[in-house]
Amino acid sequence: MKTAIIGSGTMGSGIAQVAATAGCQVKLYDTQPEALEKAKAKLDKILNRLIEKKRIDKAEKNRIQNNISYVNSLKELADSDLVIEAIVENLQIKQTVFRELESLVSGSCIIASNTSSLSIASIASALQKPERCIGIHFFNPAPLMRLVEVIPAIQTSEEITDKVVKTITDWGKTVAVAKDTPGFIVNRVARPFYGEALRIYEEGIADFATIDKAMKELGGFKMGPFELMDFIGNDVNYTVTETVYNAFYQDPRYKPSFTQKRLAEAGYLGRKTGKGYYTYPVIPKERGTGDEESPNHSEQSQDLLQTIFERILVMLINEAADALFWNIASAEDIDNAMTKGVNYPKGLLAWANEIGIDWCVKKIDELYDEYHEDRYRCSPLLRKMKRED
Ligand code: NAI
C-alpha cells in the first residue's frame with residue numbers, strides 16, 4: 001500500500017517508521033524542510049540504537065530507510081492509497097490541506113487524520129467524498145505503543161473502516177475501534193487518573209508523592225498520576241482535560257483542576273522544564289522526590305494509601321463502564337485501549353469483574369453520598385451489571 005504521511009513532527013515521523021517497517025512505500029511530507037531533516041536524522045538514530053540492541057541488522061535498517069522518501073510538495077502524494085495527516089491540531093488548517101489533497105489523489109485514496117481532539121466528522125466535511133475519511137489515532141511514541149484507535153466518522157463507509165482496521169493490524173498494531181466522540185477511548189477513560197488524583201490533593205487528603213505511591217504500589221501502575229502528568233507536560237495534559245470537559249458540555253466528571261492550571265500558567269510543565277509537581281534537576285531519579293514530597297511519606301498509613309487507590313481506581317472503572325454504556329467501543333477494545341495505549345496493568349472492565357461489581361457500585365455510591373456531586377454518579381451500566389451479577 002502506497003502510504004503518505006503529512007507532517008513530519010513527533011507523530012508523523014513515528015507513523016512513517018511504523019509503516020516503513022511493515023514494508024510500505026512511505027512518502028513523508030512537511031512544509032518545513034528542517035522538520036524533514038530532523039525526522040530523517042531521528043530515524044537514523046533510532047535505527048542505530050536498534051542495531052546496538054541487536055533488534056535489527058544493518059540490512060533491515062537500510063530496508064526501512066529505503067522505504068521512506070522525504071518530499072516537500074503535496075503534489076508528490078498524488079499516487080497514494082492511504083494518507084495519514086499529523087499536522088498542527090487546528091480544524092481550519094487540516095480542512096484546507098484535505099481539500100487540496102483531495103484534488104490531487106485518486107477517488108479510492110483513503111484520507112485519515114491522527115487528530116486527538118477534533119471530531120472526524122468535522123474534518124471529513126471538508127471533502128467531496130467524506131466517506132473516504134477516517135481517524136487513525138496513534139499514541140506517542142508511535143513505534144513503541146501497541147494501540148491505535150480507529151475512528152470512523154458518521155460519513156465514513158464501512159468498507160474504508162474495514163480496510164483501515166486490516167492495514168493497521170498488518171502493521172503490527174492492536175486496533176480499537178472507537179465512536180467519534182471527545183477523547184475517543186483512551187483520552188476519555190483515562191481522565192480520572194489525573195482528575196481524581198488532583199482532587200484528592202486539593203482536598204488536602206494527601207500530597208503528590210503519597211498519591212503516586214498508592215497507585216504504583218497498590219495498583220501496579222508504572223507511574224503515578226503526578227509523575228505521569230510531569231512526563232506528558234502539564235500544558236499538554238491540562239489542554240486535553242479542558243478540551244474533553246468543554247466537548248462534553250462541561251460535565252463535572254471531567255472538570256479541570258486549578259492546581260494543574262496554575263502549574264501550566266507558571267511554566268512548571270514537568271520534566272521538560274525541570275519543574276512540575278516534582279523538581280527534576282535536583283534528584284533526577286525516575287520517581288522524582290522533589291520539593292513537594294512529604295519527608296515521611298513512606299510511613300504513610302496503609303489505610304490512607306488504600307483509600308486513595310480505591311477512589312481513583314473506582315472512578316476509572318466507572319468511566320470505562322460508562323464508555324461501554326454509551327457504546328463508544330466494545331468491552332474488549334476498551335480494555336485493550338488502556339493496557340496497550342497507556343500501559344495500565346489491567347483492563348478496567350476486567351479489573352471491575354475481578355474485585356466485584358458490587359464493591360465498585362458501593363464505593364461510587366459512598367463518594368456520591370459524601371459529596372452529592374454529579375461527578376460521582378454511578379454509570380447505569382455498572383449498576384445494571386451489579387443486578388445481573
Ligand atoms: P508536531 O508539532 O510535532 O508536528 C507537526 C508537523 O506538521 C511539523 O513538522 C509542521 O512543520 C508540520 N506541518 C504543519 N502544518 C503543515 C502543513 N500545512 N502541511 C504539512 N506539514 C505541516 O505535532 P505532533 O505532536 O506530531 O502532532 C500532530 C498531530 O497528531 C496533531 O493533530 C496532534 O493532536 C496529534 N497527536 C499528537 C500526539 C502527541 O503525543 N504529540 C499523540 C496523538 C496524536
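This report describes charged contacts, aromatic pairs and backbone features in a predicted model.

## Basis of the model

The model is predicted, so local features need pLDDT of at least 70 and side-chain atom pairs count only at pLDDT 80 or more, while totals for chains, interfaces and linings use all residues. Residues are numbered from 1 along each chain as its sequence is written, and side-chain values use heavy atoms, with hydrogens and water left out.

Helices (H or I, at least four residues) and strands (E, at least two) are DSSP runs, numbered from the N terminus. A residue is called buried under 20% relative accessible area, exposed over 50%, and partly exposed in between (1.4 Å probe, protein chains only). The areas come from the Shrake-Rupley method with a 1.4 Å probe, and for residues only the protein chains shown count as cover.

## Salt bridges

A salt bridge is a side-chain nitrogen of Lys or Arg within 4 Å of a carboxyl oxygen of Asp or Glu. The whole structure contains 28 salt bridges. In one of them, Asp 44 meets Lys 61 at 3.0 Å, N to O. This pair links distant parts of the chain, with Asp 44 in helix α2 and Lys 61 in helix α3, 17 residues apart. Asp 44 is partly exposed at 27% relative accessibility, whereas Lys 61 is buried at 12%.

Glu 227 and Lys 216 form another salt bridge, with the closest N and O atoms 2.9 Å apart. Glu 227 lies in helix α10 (residues 225-232) and Lys 216 in helix α9 (residues 208-218), so the bridge ties together parts that are 11 residues apart in sequence. Both residues are buried. Lys 94 and Glu 89 also meet in a salt bridge (3.5 Å, N to O); Lys 94 is buried at 1% relative accessibility and Glu 89 is partly exposed at 35%. A network of salt bridges links Glu 196, Arg 199, Glu 203, Arg 311, Glu 373 and Arg 375.

## Aromatic pairs

Rings of Phe, Tyr and Trp (its six-membered ring) pair if their centres lie within 6.5 Å; planes under 30 degrees apart count as stacked, over 60 as edge-to-face and the rest as tilted. The structure has 14 aromatic pairs. One of them joins Phe 193 and Tyr 344, and this pair is tilted because the planes stand at 45 degrees, with the ring centres 5.8 Å apart. Phe 193 is in helix α8 (residues 191-202) and Tyr 344 is in the loop between α14 (331-341) and α15 (348-355), 151 residues apart.

Phe 193 and Tyr 344 are both buried. They belong to a cluster, linked by ring pairs, that also holds Tyr 194, Phe 221, Phe 309 and Trp 351.

## Backbone features

Most residues other than glycine have a negative phi, and most peptide bonds are trans. The peptide bond from Asn 140 to Pro 141 is cis, with omega near -5 degrees. Pro 141 sits in the loop between β6 (133-138) and β7 (147-152).

Phe 184 has a positive phi, near 50 degrees, and lies in the loop between β8 (174-177) and α7 (186-189). Phe 184 is buried, at 2% relative accessibility. His 372 also has a positive phi, of about 50 degrees. The loop between α16 (357-371) and α17 (380-388) holds His 372, which is exposed at 59% relative accessibility.
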